[in-house]
Amino acid sequence: MVRTASAAGSRTGKVVHGTGRRIRRATSAEGAGESGLAKLIELHALNSFGDMLITVALASTIFFSVPTGEARGRVALYLLITMAPFALLAPVIGPLLDRLPHGRRAAMAMSMLARAVLAWTMAGTVAGGGLALYPEALGVLVASKAYGVVRSVVVPRLLPSRLSLVKANSRVTLAGLLATMVAAGVGGLLHLIGPGWPLRGAFLVFVVGTLMAFHLPHEVDSAKGEQRAVLHAEVHGEGAGAAAPKASLRTVGPSVILALRAMSALRWLVGFLVMFLAFLLRDDPIGGLQPTLALGLVALAAGTGNALGSVLGSWLRTRGSEATVTAMLLLATCATAAAALWYGVVTVVVVAAASGVAASLGKLALDALIQRDVPESVRTSAFARSETLLQLSWVAGGAVGILLPLDGALGLSVAAAVVGVVLLWTVRALFKVGVRRRAAAPRVA
């Protein structure tokens, strides 16, 4: 028995070591290891793993443990308490981080440490599901978004010469999605032990993440040789001797505005589908399926769509980001309209997958446009404000999903109408802006 156990342990160790070596080889490909991007990819995977463990713990308390009517009230309260205050905090986060260009590793570490402390605190209150859980969830959300803002700004600093911004962003995002999928299974197993155990697991993950943040390359904090992006709107009108205009969030350029408008609609759609389908399929499953199976199919389709969007981001690096985000809005509109007309298992799964692809790839295009067109001096604020708008769009979509009657055709028709109007607006703006076909990259002022 001892020999058998020893041999099994040895084989397990070899599998784990081999898997770790292959993961490291994948994250370090195309110069990412030399530039330091690989370390950011690994840190982001750990960040996504911890966030998912917290999500599992909250979902089991707020949604699955109570009847449908009560769950709708709890989720609405969660949206109100955790999302609305973020609209007030975000304008502070961006400018504050703009003034701390040499402390971004510390900022990422602090966001990890804050979530570690909050996860440990929430582990003692999650079982009761009381009101104390909501301000703690707010703290986790703000810390998570602060990390996301800094991470978006850090990517161009660690960009290898062989990668475009869209491809680098897609690689980081894909690592996070894969970690989220693994964490969902781990969180489910930990929840079987007790409702607080996923949060205790998150505590350990974020403690490790705090230490990993300080191992990012020093280029993250260094401003030496830093390139500054020129606003797209200013390129055509600048002369050779024209003075560089002062950076301003009011002049982010028409391409960024176009992409932000389209992504707001896509985030609205995702928020709507999450809330509307979650309650609809729980109350009236489609195709005679069990509620858990129906929800699982939709969640699997959405997750697969997100991963596919991240993969496609690396293939579309030579295409215009403006056209990409418009095409994603068109895809989401068509899928939602089809699901409204022919409501059923297949169309609901398709709309979940299409919205996942569109939101994932559209966000990569938006990030690349901000990294390309917004000056470094206000880029963090631009990311903070864009994240705020996207979060509020998600909340608005979720609120509509909660308030609408649980009628599949009606709900999806409303969603198709909303994104369709924004699609027409976006196409009109695209003809004015034009399409830039070369890869997105920061330009030197």
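User: Why are tryptophan 268 and phenylalanine 272 said to be separated by about one helical turn?

Analyst: In this predicted model, both residues sit in helix H10 (residues 254–283), four residues apart, so about one helical turn separates them.

User: What makes tryptophan 268 and phenylalanine 272 a stacked aromatic pair?

Analyst: Two values decide it. The ring centres are 5.5 Å apart, and the cut-off for a pair is 6.5 Å. The planes make an angle of 5°, and planes under 30 degrees apart count as stacked. Ring pairs also link Trp268 and Phe272 with Phe276 into a cluster.

User: How do you know whether tryptophan 268 and phenylalanine 272 are buried or exposed?

Analyst: Buried means under 20% relative accessible area. Tryptophan 268 has 11%, so it is buried. Phenylalanine 272 has 0%, so it is buried too.

User: How many aromatic pairs does the whole structure hold, and why is the pair of tryptophan 120 and phenylalanine 203 called tilted?

Analyst: The search finds three aromatic pairs. For tryptophan 120 and phenylalanine 203 the centres are 4.9 Å apart and the planes stand at 55°. Stacked needs under 30 degrees and edge-to-face over 60, so an angle between those limits is tilted. Tryptophan 120 belongs to helix H5 and phenylalanine 203 to helix H8, 83 residues apart, so the pair links distant parts of the chain.

User: Why does phenylalanine 203 count as partly exposed?

Analyst: Its relative accessibility is 24%. Buried requires under 20% and exposed over 50%, so a value in between is partly exposed.

User: What makes aspartate 51 and arginine 115 a salt bridge, and which parts does the pair tie together?

Analyst: The closest N and O atoms are 3.0 Å apart, and the limit is 4 Å. Aspartate 51 is in helix H3 (residues 37–62) and arginine 115 in helix H5, so the bridge ties together parts 64 residues apart in sequence. Both aspartate 51 and arginine 115 are buried.

User: Where is the salt bridge of lysine 363 and aspartate 367 placed, and how do you know that lysine 363 is buried?

Analyst: The two side chains meet with N to O at 2.7 Å. The residues lie four residues apart in helix H13 (residues 345–373), which means about one helical turn between them. Lysine 363 has a relative accessible area of 12%, so it is buried, the cut-off being 20%. Aspartate 367 is also buried. Beyond its neighbours within four places in sequence, lysine 363 contacts Met263, Arg267, Glu387 and Leu390. The whole structure has two salt bridges.

User: Which stretches have pLDDT under 50, and why should they be read with care?

Analyst: Residues 64–68 stay under 50, with 11 contacts beyond four places in sequence. Residues 437–445 also stay under 50, with 31 such contacts. Where pLDDT is low, predicted coordinates should not be read in detail. The chain averages 75, and 69% of the residues score at least 70.

Methods
Residues are numbered from 1 along each chain as its sequence is written. This is a predicted model: local features need pLDDT of at least 70, side-chain atom pairs count only at pLDDT 80 or more; totals for chains, interfaces and linings use all residues. Side-chain values use heavy atoms; hydrogens and water are left out. Helices (H or I, at least four residues) and strands (E, at least two) are DSSP runs, numbered from the N terminus. Buried means under 20% relative accessible area, exposed over 50%, partly exposed in between (1.4 Å probe, protein chains only). pLDDT is the predictor's confidence in each residue, from 0 to 100. Contact means heavy atoms within 4.5 Å. Rings of Phe, Tyr and Trp (its six-membered ring) pair if their centres lie within 6.5 Å; planes under 30 degrees apart count as stacked, over 60 as edge-to-face and the rest as tilted.
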